Amino acid sequence: MKDSLTLLSRLSAHPDSRCWFLAWNPTGTLLASCGGDRTIRIWGKEGDSWVCKSVLGEGHQRTVRKVAWSPCGNYLASASFDATTCIWKKKQTQFECVTTLEGHENEVKSVSWAPSGNLLATCSRDKSVWVWEVDEEDEYECVSVLNSHTQDVKHVVWHPNQELLASASYDDTVKLYREEEDDWVCTATLEGHESTVWSLAFDKSGEQLATCSDDNTVRIWRQYKLGNEQGVVCSGSDPSWKCICILSGFHTRTIYDVSWSHLTGSLATACGDDAIRVFEEDTCSDPQQPSFSMTAHMSRAHSQDVNCVVWHPKEEGLLASCSDDGEIAFWQYQRLE
Amino acid sequence: MAAEENGVWGLVEVFVSGLQDGKAAELATGTQVKAGNCTVLQVVEALGSYLANSEPRTRGRGVQLLSQVLLQCYPRLTQKEVEVLVLFYENRLKDHHLITPHVLQGLKALSMCETLPQGLAVSILKAIFQEVHVQSLMQVDRHIVYTIITNFMRTREEELKSLAADFTFGFIQVMDGEKDPRNLLVAFQIVRDIIVKSYSLGPFVEELFEVTSCYFPIDFTPPPNDPHGITREDLIVSLRAVLASTPSFAEFLLPLLIEKMDSDVQSAKVDSLQTLNASCAIYGQKELKEFLSSLWSSIRREVFQTASERIETEGLSALHTLCQSLSRSVVGSDGEDLLDSFLNCVLQDCKHHLCEPDMKLVWPSAKLLQAAAGASYRSCYKITTSILPLLLEQYNQHTQSSQRRTIVEMLLGFLKLQGKWIHEEEDENALTGFKDCLCTVMYSALTDPNVQLQLVGIKALTALGSLQGLLSTSDMELVVDHLYRLIVEKDAQNHLAAMEASGSLARMYPSAFASRLVPKLSEKLQTDQMEPSQSSLRQRCLRALSAVSTHPCIVRETVPLLLRYLQHVQKGSILCAEGMISVCQSLHLLAMQCQQDTESLWYYHQTVIPCLLALAVQAALQETQTQAESPVLLDESVLTAMVPVISAACSHLSPELVTPSVSQVVGLFLHGDVSFLPENSFPRRFQPFQGGESEEKQRQLVALLMAFVCPLQRNVEIPELDYLLLELLTLSTSSRCPFAYTSASKCFAGLVNKCPAGEQLDEVLCSVMERIESGLVDGFDRTRVLTLLLWVTKALVLRYHPLNTQLTDKLISLLTDWELGPAAADGFFLLVSDTPDVLNKACHADVRIMFRQRFFTENVPKLVQSFHAADEDKKPNYLKALSHVLNSLPKQVLMPELPSLLSLLLEALSCPDRVVQLSTLTCLEPLLLDASQILSLHMDTLVMKLLSLTCSPAMAVRIAALQCVHALTRLPLHVLLPYKMQVIRALAKPLDDKKRLVRKEAVTARGEWFLLGSPGS
Amino acid sequence: MVGGNQLENANPLIYQRSGDRQVTAQDEDEDIPDKIDDREIFDLIRSINDPEHPLSLEELNVVEQVRVKVNDDESTVAVEFTPTIPHCSMATLIGLSIKVKLLRSLPERFKVDVHITPGTHASEHAVNKQLADKERVAAALENSHLLEVVNQCLSARS
């Protein structure tokens, strides 16, 4: 198991600060990072090494908490503690801030593009999730403000192929939303975690959702449509989500991020105990009650908390991670035979 | 010429017409009068027409000239002249207001005349009071009025008093409405004198109070760049002196103070409390009676509610004085005891707080009670007898150690107060009835596992024991047993406190300690000595034996005991050097305690010195086969530990007492006369100076000779001094043992430093110089000669002997020496630092104040110059020498030199030598605090070098570098901000240093850097 | 977070300050590594100023050495603090000050947990959760008002 995760390279990305989050562009040629130094950095590969292609330093007054690429790869959205979200447009190698989305009362914690590229979601400590619509002229309009959570919303992410939005919160729950007659509504609340849910990730099909939490566990949830064979009860016409597996006993501190590879199905976690772990679903396990095994454990992956892990969209087993120590690391995961 | 011809007439005309420089005319006229060329009356005559001129301005010029002349020559005026002038001036007061200031000048001059006839002072004052509306005058002119009054009060007191209350009333009108701080200071002084010198106030007491108290509390803030230098504090003090000057003001002042104490302004509260304090000191029951309950509630409120330590202190102090005043008064005929009823109030309001389970107001209450109790025997008795049972009961009700600690701390406070009175009053001791309960509480505290509780318990027990005649012999035996346990028990955390307590109590109960503690410690010392693991216990016993030796009769027990133990250890040879050193340290501590008590010290001297010398000589003469078998006692570390033991026994004895033993000791070393040693049958003769190289062991004992002769007072005569010096000189350059030759050099230097200037000294120095010159050429002796050179140079530098320059130059030239350079550089440390065993103040050495500054001024330019001229490989020697010298100086001296030295200091930071690094850092640190301007020009270099030194392999360098990084934060913010992130980043590493002391500095420095430019810092 | 002018607990019980740590021979020895121990951590936090009294957390018994646990080898520190009264609105601020002080003063390898002493505060769970959320702590320190108060708590009293 020891050799299943190999360090490829490591670089100081946000010196004197922490690196909060990473995002690959859709083709996997660029990696965006953001951090406590209020900047966003764009990294590209030259030969064998990763180099900084540009620094987006002017957009935000405070920590940049998360970044997200549009599905076309031409836009980058950034969420900041300064209560704004910036939209950056890529022009050759440079980026230009084209719009600043204002409206949240305080720190914006996450941002995510819908697969169509026409919708954008943001969430904030003000407990709300906002859905924005984008038109051809790069104009953004808020179409809904969702106040379902009772606390701080930590993360938002879209379903890989539907217009279904998921959010994770300090109130220990996950909520799912979809559009209904010109407005957005909350269709499901996933309860089970015993503390803050920090992040979540859909699998390739969107049938399953992994969530990670301050309760040191990862939970796997599965969607059950109306009239499913297993007899899981649904309220109304919306599918119901049920926790089908809990990964507990592996992590010793808060799990800050989870990434579900759409190429291999491997699940990676970023943990406050400085470690990166990879899990695989056991080959012969029951899809309704799957079991997972830890196939890699890099205990001192970083010198401080690992904040984010993200699988490369095109290259199997390539994983990027970042940490409070300000560094980014690239790893190659070798599947066990 | 013209002026002289025209005489006074001409001058007068020139002045009055105002065409020319008036000052010159004034002076010239004054000079004429003083020279006797004309009289004042002639001047008046000359002025005649002007003084009567119809134009006020012209009349004014005339009067002005006359007044200026008078100011110059008032001492020459005759009584007759004065009379005329007074009449004239009094009349002029009625004249035009433009003239008044000049008139006042003249009256001021007259007020200083000794010849002023009886009655005229009163007449002048009456005229002023009647004719002048003082407060409509300019500040300067008002000041003149105050001066006239002050002058008269100084010289015509009786006469003024004949005016009775009119004078007081007149003055009240004069100062009413005064606004200028300069004048107020004078006016307050006048009012104070009126009161203190018992001028009649008549019916005007309240008016006088009003006219001054309207300024209370003073809220004057001097303007920036105020040229008069009057501070708010000056006014406060001066007004307070007035307000608190008489009991007659009490009925007005006390309500005012009660009102102002309630002010929101902190300074007003403080001022009110201080004024209350000052006035209570002169008030009696009569003045206070009516206001007692309001005063108490104000003081109580302030102490209970304040967050300010200042207000609390002032409040307590006022209460203390108040109780003192009440205590002074005799109980009235109606039997009303105000003190008693006042204390009842205090007790009633404070007592219950001591019993609240949450203990919230315990401390303010206890402080109030203690302030009151500290006022007099009576208050102390009443409060103590009322509070003690309560506290004793509370102790038992609370079970937590921290709460019990608070109670014992309060008890301690009351016990300490008790000590103030018990000696004065023979009657009843307030504590007698509680003695047993108190002891029980103390013993409980002493056996509590909580270290803090134990500690206050020890302190309180000491206070209890210090009260005369309270504890019985059997009580004391129990106390001794507890202290013994605290000293020897395993993991004893309070053993030092227990020893200190033993020392204090042993003064009063010597027999209990001599008969009980000393034998027990001795026994413990014997039983556990074979256990190497018990070394800390052994050291504790030894230390306790010295700590308890605070009484001559105990000293007579402990000294022989320690000496026997030393002999025992030497024979045993199991414990080797460490054990002997512990005994020596204990003996040294004991000697330090004896130094105030001649009887003990003399006993110590007579007992310890012969014994130690006998042991040493015995060891030195013992036949051994090999060097390895050399007795432990001759170990350098043991001999070094003996030095302070002997020194302490010699430095404080008078010449009469010490002279016989000086002859004995010098005789021992020069002639081998061992007759005075207690055990003196040795296999061979003791001859440390003649023995030659085969007797290095004997030569080492020169250190003990040094310990004996160097600390003697300067008027103790040393027999055969010339011979002794010669032998020391020879030994210092011939011995092969560094310890022996260094000791000889030190002993020589110590003696030379005290030799009176004269032929004898010149001869001795001459032979040293020769020896040094020739020795430096010779290849074998060089290191020894350098040692001698260093010590002799130090001896002469200290006493400003003219030869010191020559010797220092020699030393500087040695810095380029291929062999001795580094050692010579280190030697500069010796020259400027204090040495513990010789050539210091305690040894009565001739040490001139500011010798370091002088050394700096004379030698640093030479060193800097030579540094620049030196080869690269020799530069570190100069840097080291320089950094030693710079380091020894107060920073005020260094500051002006800094610009010229800075580049050198920065270079020194890169010097690989750790000693240079360390002393440069130590030198830089205070400069960073004070010379920020110059240093901020070198930030890049400084930050880089300092940060790199925070990772030095030497712990002391890391610490010093971090302290400098911390000190950097005092530089101007704009200079620092560009480096903030870099420094914070770099300091993350020393936070994880393996040494705690380094981490501590890193934490402090990093914390400060975080705060730079951050809100709230 | 900062209350009005009225002190919530006007007359707190005041505890004595412990003296400076005695420097031992081992501390002076270059070659012996000194582990970070409970007392060292306690020394870092005991002099933090209370946000509303002119007193240190030690004097108010808000922090005590027995409530500090450090494991140098595992790089963990756990501190419990005890608000002076169960409804103290300053609890979060005090906890934040302790946390920030430790973050600034300890090697980065350390995991720092700051909690309220169990059973001593009405909102114990909520305060603990906030203090444990590093994202909220980071955001709080970018708020200049809060940072100002925290810095005042951490400044050396003159």
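## Close-ups of a three-chain model

Figure 1. In residues 57–89 of chain A, the end C-alpha atoms lie 14 Å apart, and the span is 52% strand and 0% helix. Here helices (H or I, at least four residues) and strands (E, at least two) are DSSP runs, numbered from the N terminus. What you're looking at is a predicted model, where local features need pLDDT of at least 70 and side-chain atom pairs count only at pLDDT 80 or more, while totals for chains, interfaces and linings use all residues. Residues are numbered from 1 along each chain as its sequence is written, chains are lettered from A and ligands numbered from 1 in the order in which they are written. For residues 146–177 of chain A, the end C-alpha atoms are 9 Å apart, with 53% strand and 0% helix.

**Figure 2. Strand β28 of chain A and its partners.** Strand β28 (residues 327–333) of chain A is mostly covered, with 6 of its 7 residues buried. A residue is buried if 20 or more other C-beta atoms lie within 10 Å of its own, exposed if 12 or fewer, and partly exposed in between, with C-beta atoms placed from the backbone. Strand β1 (residues 5–12) of chain A runs antiparallel to β28(A), joined by 7 bridges; two strands count as paired if DSSP finds at least two bridges between them. Look for A:Ser12, whose bridge partner in β28(A) is A:Glu327. Strand β27 (residues 318–323) of chain A also pairs with β28(A), antiparallel, over 5 bridges, and there A:Ser321 sits opposite A:Ala329. The hairpin of β27(A) and β28(A) has 3 residues between the strands, and A:Gly326 takes a positive phi near 85°.

**Figure 3. An open four-stranded sheet in chain A.** The order is β22-β23-β24-β25, and the pairing is antiparallel. At the edges are β22 (255–260) and β25 (292–298) of chain A, each pairing on one side only. From one strand to the next, the twist averages 20° (axes are lines fitted to C-alpha atoms, for helices over the stretch in contact, and angles run from 0 to 180 degrees between N-to-C directions). Strand β24 (residues 276–281) of chain A is tied to β25(A) by 6 bridges; for one of the pairs, find A:Glu281 and its partner A:Phe292.

**Figure 4. A:Glu133 in strand β12 of chain A.** A:Glu133 belongs to strand β12 (residues 129–134) of chain A. It counts as partly exposed because it has 14 C-beta neighbours inside 10 Å. Skipping neighbours within four places in sequence, A:Glu133 is in contact with A:Asn118, A:Leu119, A:Glu141 and A:Val143, contact being C-beta atoms, placed from the backbone, within 7 Å. A:Ala114 is 19 residues from A:Glu133 in sequence and 10.0 Å away in space, C-alpha to C-alpha.

Figure 5. Chain B has 52 helices and 0 strands, and 46% of its 1017 residues count as buried. Buried residues of α36(B) include B:Leu724, B:Leu725, B:Leu728 and B:Leu731, along with B:Glu727. The buried residues of α36(B) pack against α33 (655–671), α34 (696–700), α35 (702–709), α37 (738–754), α38 (759–777) and α39 (782–798) of chain B.

**Figure 6. Chain C where it touches chain B.** Along its sequence, chain C reads α-α-β-β-α-β-α-α-α, and 39% of its 158 residues count as buried. The contact takes 27 residues from chain C and 25 residues from chain B. On the chain C side, the elements giving two or more residues are α2 (38–45), α3 (91–105) and α6 (144–154), and the largest share, 7 residues, comes from α6(C). By type, the chain C side divides into 12 nonpolar, 8 polar and 7 charged residues.

Conventions
Contact = placed C-beta atoms within 7 Å. Nonpolar A, V, L, I, M, F, W, Y, C, P; charged D, E, K, R; others polar.
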